Amino acid sequence: MKKLLTFISNNAYTIVFAQAIVAMSGSLFYSEVMHLTPCVLCWYQRICMYPLVLLSGIAVWTDDKKAYRYIMPLALIGFAIALYHNLLYYNILPEAIAPCQLGVSCTTKYMSWLGFITIPLQSFVAFTIISKTMIIKWRQEKEAA
């Protein structure tokens with residue numbers, strides 16, 4: 001387990017960069033190619049995800065060891081929004097408290113791969129991977145100091 005954590009920590013920004021690129025590409029594919037209109041919560045998640053591509057790319061390029069300080073806040077905010085979106089989407093929270101009152105509903109069911117992989121779930125998984133990777137990096141840097 002320690003070897004895995006060390007591997008993740010040593011490659012954290014590359015992992016985050018790859019995940020952010022995949023997430024951004026996927027969201028652009030859904031909206032620009034498939035013409036699926038994003039809801040309000042999807043826009044908020046994009047606002048958190050898109051800068052992560054640039055920030056993590058710069059961290060990889062410059063070998064910035066402390067980039068977690070500015071990547072982690074965006075990742076955790078995006079994680080919280082994605083969690084909230086999934087709770088609405090799967091009817092754990094009532095739709096009445098959703099911010100998507102005008103336009104596309106936050107609970108619109110566009111697609112479901114294998115019966116459970118939805119667009120909100122994909123976003124949640126992406127933010128979970130990025131957030132957990134940054135937490136591992138932060139803890140390793142804290143232990144090293």
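**Group meeting talk: a walk through a predicted helical model**

Residues are numbered from 1 along each chain as its sequence is written, and side-chain values use heavy atoms, with hydrogens and water left out.

Back to Ser 56, which belongs to helix 3. Helices here are DSSP runs (H or I, at least four residues), numbered from the N terminus. Is Ser 56 buried or exposed? Ser 56 is buried, because its relative accessibility is 0%. Buried means under 20% relative accessible area, exposed over 50%, and partly exposed in between, with a 1.4 Å probe and protein chains only. Leaving out residues up to four places away in sequence, Ser 56 touches Tyr 13, Val 16, Phe 17 and Ile 71. Contact here means heavy atoms within 4.5 Å.

In soluble globular proteins, nonpolar side chains tend to be buried together. In this model, the largest nonpolar core has 27 residues, and Tyr 13, Met 49, Leu 52, Ile 71, Ile 130 and Met 134 have the most contacts inside it. At least two residues of this core come from each of helix 2 (12–33), helix 3 (40–62), helix 4 (68–89) and helix 5 (119–144). A nonpolar core is a set of buried Ala, Val, Leu, Ile, Met, Phe, Trp, Tyr and Cys residues joined through side-chain atoms within 4.5 Å. Take Met 134: apart from neighbours within four places in sequence, it is in contact with Ala 12, Tyr 13, Val 16, Tyr 68, Ile 71 and Met 72.

Next, please find Lys 137, in helix 5. Lys 137 counts as buried because its relative accessibility is 6%. A polar atom of its side chain lies 3.3 Å from the backbone oxygen of Ser 9. Beyond residues up to four places away in sequence, Lys 137 touches Ser 9, Ala 12, Tyr 13, Lys 65 and Tyr 68.

How many salt bridges does the structure hold? There are two, a salt bridge being a side-chain nitrogen of Lys or Arg within 4 Å of a carboxyl oxygen of Asp or Glu. One joins Lys 137 to Glu 141, with the closest N and O atoms 3.3 Å apart. Both residues lie in helix 5, four residues apart, about one turn of the helix. Glu 141 is buried too, at 18% relative accessibility. Asp 63 and Lys 65 form a salt bridge as well, their closest N and O atoms being 3.1 Å apart. Lys 65 is partly exposed, since its relative accessible area is 43%.

Let me finish with Leu 83, in helix 4. Leu 83 is partly exposed, at 34% relative accessibility. Leu 83 and Phe 127 are 44 residues apart in sequence, and C-alpha to C-alpha they are 9.3 Å apart in space.

Definitions and conventions:
Predicted model: local features only at pLDDT ≥ 70, side-chain atom pairs only at ≥ 80, totals over all residues. Polar contact = N/O pair within 3.5 Å; in protein donor to acceptor, adjacent residues only side chain to side chain.
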